[in-house]
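Visitor: Hi, could we walk through this one together? I'd like to hear what stands out.
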Amino acid sequence: MSSLQQTLTLAWRSLLQLRRNPWELMDFSIQPILFLLLFLYVFGGAVAGSTAAYLDFILPGVIVMNLVFVTVYVGHGLNTDLTRGVFDRFRALPIARWSPLAGRILADMVKQAWCVLLLLVVGFLLGFRLGAPVSGVLVMLALLLVFAFAMSWIMVLVGVVARDPEHVQLFGFTALFPVTFLSNVFVPLDTLPPFIRAVVAANPVSLLAEASRGLLSGGPVLEPALWSLVWAGVITLVFAPLSLWALNRRLARS
Amino acid sequence: MDEAIRAEGLVKQFGATRALDGIDLSVPRGTVLGLLGPNGAGKTTAVRILATLLAPDAGQAWVDGCDVASEAAAVRSRIGLTGQYASVDEKLTGRENLILIARLLGFSRRDARARAGELLVEFGLEDAAHRPVQTYSGGMRRRLDLAASLVGRPRILFLDEPTTGLDPRARLDLWNLIRELVAQGTTVLLTTQYLEEADSLADEIVVIDQGRVIASGTSDQLKARIGGQTLVLAPEHESDVATALSIVTEIVGREPEVDGARLRVPVSDPALVPAVVRRLDESGIVARELTLRGASLDDVFLTLTGRHASVETPAGDAEAAP
């Protein structure tokens, strides 16, 4: 069996777990829909004048916000495997050393794609219509997955360092809430006070949301998309080696 | 002699703790080696090194002739490993867990299903096969874990405290499964802190303490090192324990150890027993248990280290903590 097949098998295993974990399924299926509905109908009138106008703005934003939160499951799942001894079982098998980690990240990509499509469908049901070519949806999906991949490395580090899966979740959400809210996901950049505007403008969540809006409804795409990719590259370059170093260190210490 | 497992001078240091301090092991093919020691003795560390999960700081080891450091992949394809804690995926069913391992080992979809079905029957898990592992009892989990380590039909099996935390019934079930594997020719390296377990399963026992081998040999050889015998006495009524204690102390000339209502004392002269019986009779004490037995492995450990071997910490996983 090739290492690619091993990775696919391990990804299949991660997805199989979902059936037994309705909370996780809820978390990344129902929660984003709930967010979308709440923000749309509570803030829509105030922010954009009407819910219909706000939908164009908030849908890509919620897609990006949810993407960031779902990456926590990479760390959560990895930590569960490490603390429960499942990771050791895999390591004692004659399979590629990197396939357990790759399988988990791959499964995460599938979950991410599912969330994006789910939110798009719900958006359409609420009246959202594409204002740009359909190919934009695919480009957006690719862009989002590249960024999710980069974020996965941060979560691998969290999963390795955390004592137990609960701490992964706690850390993940505590750190990610400010990151997603200090962005243009919910409100346009020019409504913000100047002193946080620079931070919000540079936040990769803002950049991704802006690129996604452009790809779905028309507007600037190239610049925010390129900056998002730069962020993804930097995050990967920093966190992939760091996470692997931390993982090997943890494995060598027990 | 054909060796399935060989280790020479294994050393492993975790921070300030020396988990292994120069361990040599040799396991002939088709036999069971019992690695016996209290928590923190280094048993798990030794198994993790032999199973390629951990690199030793010094020393060398071979499994089926393959070096664990330079030929790790070859070692992994020859061994089965059952950890101290059931290392199966709790969210998956028993069947899914076995199919997963089989697929990773390169079985085709059809063969993986067949092998999983076979093992589920063999390990009495057929009825629970479709249930997620998180609903299993401790004994079922351990059986599934053992089954998972046997998917690839390894000739060499590492069992790290396979029955720790199991009730006596589940423990006996697991013992029988292990005996069957051995009868089929599997080489087993078993770690345990239960003396009874090493005594009943292992051909040869290596006693380790604080990372060092302190004794090795067959169960009988180890017991013979103690010489002497042990008198065990349990009065029928607990109120008689104090009187019985003073009688035995007086006759044997050494104060027995009291374990609940049971007294234990090493005796060098079997002729003392009738004297004990007479005095008990005179005092009207009825004995529920009165035996003279050969030394147990616990006695061996006590003699070798001055401590009991069967002291368990509640957590049970203090071993190898950094």
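Guide: Happy to. Among contacts in chain B between residues at least 6 apart in sequence, 68% link residues at least 24 apart. Keep in mind that this is a predicted model.

Visitor: Good to know. How many helices and strands does chain B have?
Guide: Chain B has eleven helices and 14 strands. Its C-alpha atoms fill a box of roughly 75 × 45 × 35 Å along the principal axes.

Visitor: And what share of the residues of chain B count as buried?
Guide: Of its 322 residues, 53% count as buried.

Visitor: Which domains is chain B divided into?
Guide: Domain 1 covers 3–224, and domain 2 covers 228–294. Taken over C-alpha atoms, the centres of domain 1 and domain 2 of chain B are separated by 40 Å.

Visitor: Let's look at helix H1 of chain B. Why is it described as largely enclosed by the rest of the structure?
Guide: Because eight of the eight residues of helix H1 (residues 43–50) of chain B are buried. Buried here means under 20% relative accessible area. The buried residues of H1(B) include the charged-side-chain pair B:Lys43 and B:Arg48, and B:Val47, B:Ile49 and B:Leu50 are also among them.

Visitor: What follows H1(B)?
Guide: B:Thr52 follows H1(B), and the phi of B:Thr52 is positive, near 70°.

Visitor: Switching to the interface. How many residues does each chain bring to the contact?
Guide: Chain B brings 34 residues and chain A brings 27 residues. Between them, the two chains bury about 2700 Å², with 60% of that on carbon and sulfur atoms.

Visitor: Which residues of chain B lose the most area to chain A?
Guide: Those are B:Arg76, B:Lys91 and B:Leu104, which together make up 25% of what the chain B side buries.

Visitor: How many salt bridges are there between chain B and chain A?
Guide: There are four salt bridges between the two chains. In one salt bridge, the side chains of A:Arg13 and B:Asp89 meet at 2.6 Å, N to O. As for polar contacts, nine residue pairs are counted between chain B and chain A, with both residues at pLDDT 80 or more.

Visitor: Which element gives the most to the side of chain B that touches chain A?
Guide: H3(B) gives the most, with six residues. Elements of chain B that each supply at least two residues to that side include strand E1 (3–14), helix H2 (72–76), strand E6 (79–82) and helix H5 (138–149). By class, the side of chain B that touches chain A has 18 nonpolar, seven polar and nine charged residues.

Visitor: Now chain A. Where does A:Thr71 lie?
Guide: A:Thr71 lies in the loop between helix H3 (51–70) and helix H4 (72–84) of chain A.

Visitor: Is A:Thr71 buried or exposed?
Guide: A:Thr71 is buried, with a relative accessible area of 0%. A polar atom of the A:Thr71 side chain lies 2.5 Å from the backbone oxygen of A:Val68. Leaving out residues up to four places away in sequence, A:Thr71 touches A:Asp108, A:Gln112, A:Ala148, A:Met151 and A:Met155.

Definitions and conventions. Residues are numbered from 1 along each chain as its sequence is written. Chains are lettered from A and ligands numbered from 1 in the order in which they are written. Side-chain values use heavy atoms; hydrogens and water are left out. Contact means heavy atoms within 4.5 Å. Buried area is the accessible area (1.4 Å probe) that two parts lose on being put together, summed over both. A polar contact is a pair of N or O atoms within 3.5 Å; within protein, one must be able to donate a hydrogen and the other to accept it, and residues adjacent in sequence count only if both atoms are side-chain atoms. Helices (H or I, at least four residues) and strands (E, at least two) are DSSP runs, numbered from the N terminus. Domain bounds come from an automatic or database domain assignment. Buried means under 20% relative accessible area, exposed over 50%, partly exposed in between (1.4 Å probe, protein chains only).
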